[in-house]
Amino acid sequence: MLTRRDMLAATLATGVTSALSSTSLAQTKPVTVRIGFNPFAGTAAINGIIRDRKLFEKHAARYGYAATAEWKQFVAGGPPANAAMMSGNLDMDVDIASAAMTARIKQGVPFVIFGVQASHISNAVMVRPHGKIDDVAKLEGKTIGLPVGTSAHYTLASIIQNVLGKTIEQARIKVVNMPPNVGIQMPSGIDAAGVWVPYRFMGPDLGTAELLVDSDGFTGNGYKTPNIRLPATKKAWGWPEGFFTDRLYMSARMAFANEHPNLTRAFLEADWEAQAIVSGNQPQAIEIANRWWKLKPDVAEQALQTYPENDGIRNAPFVLEYDALTLIKTSEFFHSLGTIDAPLSWQELRPLLTHSAGVQKAVWLAHGSSPSLADLQKGFHGSTKYWPDLNIKGGAPIWLWAETPNWGKRFYTPGPFGDKA
């Protein structure tokens with residue numbers, strides 16, 4: 001049974017003095033919380049449930065807040081959200097992948113990461129249907145449109161490096177900066193496109209593009225042998241997830257997290273509740289996501305099932321070792337591009353991740369310490385109608401950093417973009 005002492009211990013681990021226990025209605029405190037999100041991320045249904053059912057407001061009320069959520073769209077991805085966070089115009093955000101998080105950290109934005117909203121961000125390289133490019137090797141010397149400096153760029157580089165043993169430059173590939181909604185239409189001037197979820201599923205539906213290969217190493221109808229997994233994937237550091245791992249993180253401005261730790265807890269609880277609702281009612285989830293996606297139901301379902309949080313496979317929104325390692329490895333890629341002066345270090349990450357460790361532990365304890373520590377360490381595995389083999393790496397949760405020798409570091413594997421130990 002969860003004791004008051006357990007709750008107090010979890011609270012103290014955050015380094016703040018605010019209590020996590022509920023406050024009486026007489027002490028209700030009004031607050032407006034600005035929350036950033038990307039409606040085209042695979043978490044569209046989760047965030048839609050949180051908004052529609054006012055789950056954040058419900059959980060915030062348990063801690064004495066009369067919260068008003070202002071949801072702000074950031075369709076262009078990380079850079080505008082990073083700018084808003086830096087300027088103090090954003091309190092919390094979700095849907096921020098490791099590429100944008102790396103930039104945020106290196107830019108010195110004062111923020112903390114308090115959870116993981118989604119795993120298995122399966123981006124892809126797309127080609128024209130029935131075109132001449134039906135193998136990774138045939139991308140050499142070609143022009144590829146993608147959003148430069150994003151996870152789509154990381155996907156292309158990882159595929160080329162792991163399959164061909166070359167950098168993008170060595171493969172003589174010309175990269176053209178192009179948003180995924182344009183690239184998926186395969187305009188003239190490009191031979192292939194690097195895109196995110198759900199755009200990778202829009203191309204076949206539009207008839208403009210087919211999957212060559214995705215970040216999992218799976219081939220599509222654009223490949224000479226579709227529906228296989230490239231052998232090179234097994235040699236990648238991200239195996240069995242894919243060539244690499246990626247996540248969508250939940251974060252908050254440092255000042256906001258310091259002043260309102262209970263509100264980061266409330267959002268974490270709301271997110272976990274919404275995940276369960278989405279996984280239990282896929283037709284409703286498709287309807288919500290399609291407010292933005294405008295896809296055929298079966299195509300939208302395929303996009304939703306990319307994310308194990310939508311399917312009940314990963315049912316723990318806490319920061320685990322591989323969630324942290326994802327940031328380290330992503331930063332090595334951007335260092336190889338020369339966009340940051342050095343890869344991230346564990347010393348840089350630790351204060352950003354452990355700040356809200358106590359909040360995360362308190363939520364876990366309140367849920368009966370489930371999933372168990374053993375299950376978190378083991379990671380997550382399951383299958384869906386469209387994804388027969390989803391493997392998500394886990395590890396010890398963030399609140400065990402100090403108690404776990406070489407937390408995160410113990411899973412580090414060198415390459416392909418850096419050899420930082």
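**Starting with a pocket**

Q: Which elements each supply at least two residues of the lining of the second largest pocket?
A: They are α8 (199–206), β9 (210–214) and α12 (297–304).

Q: What am I looking at, and how is it numbered?
A: This is a predicted model, so local features need pLDDT of at least 70 and side-chain atom pairs 80 or more, while totals for chains, interfaces and linings use all residues. Residues are numbered from 1 along each chain as its sequence is written, and side-chain values use heavy atoms, leaving out hydrogens and water.

Q: What counts as a pocket?
A: Take a 1 Å grid over the protein atoms alone. A pocket is an open set of points where a 1.4 Å probe fits, with protein on both sides within 12 Å along at least five of seven lines. Lining residues have an atom within 4 Å of a point.

Q: Which element gives the largest share of that lining?
A: Helix α8 does, with four residues. The lining has 18 residues, and those closest to the pocket centre are Arg200, Phe201, Leu211, Asn227 and Gln302.

Q: How does the lining divide by type?
A: Eight residues are nonpolar, five polar and five charged. Asp, Glu, Lys and Arg count as charged; Ala, Val, Leu, Ile, Met, Phe, Trp, Tyr, Cys and Pro as nonpolar; the others, Gly among them, as polar.

Q: New topic: α5. Is α5 mostly covered or uncovered?
A: Mostly covered: seven of its nine residues are buried. Buried means under 20% relative accessible area, with a 1.4 Å probe and protein chains only. Among the buried ones are Met101, Thr102 and Arg104.

Q: Why does Thr102 count as buried?
A: Because its relative accessibility is 1%. Thr102 sits in α5, residues 98–106.

Q: What does Thr102 touch?
A: Leaving out neighbours within four places in sequence, Thr102 is in contact (heavy atoms within 4.5 Å) with Leu327, Thr330, Ser331, Ile340 and Leu344. Also, a polar atom of the Thr102 side chain lies 2.9 Å from the backbone oxygen of Ser98.

Q: And Ala257: buried or exposed?
A: Buried, because its relative accessibility is 3%. Ala257 is in helix α9, residues 254–259.

Q: Where is Thr233?
A: Thr233 lies in the loop between β9 and β10 (247–253). Thr233 is buried, because its relative accessibility is 0%. Not counting residues up to four places away in sequence, Thr233 touches Asp216, Gly217, Trp239, Gly242 and Phe243.

Q: Where does Ser369 sit?
A: In the loop between α15 and α16. Pro371 lies in the loop between α15 (357–366) and α16 (373–378) too. The peptide bond from Ser370 to Pro371 is cis, with omega near 0°.

Q: What joins Gly415 and Pro416?
A: A cis peptide bond, with omega about 0°. Pro416 is in the segment after β12 (390–392).

Conventions: Buried < 20%, exposed > 50% of the residue type's maximum accessible area, 1.4 Å probe, protein only. Polar contact = N/O pair within 3.5 Å; in protein donor to acceptor, adjacent residues only side chain to side chain.
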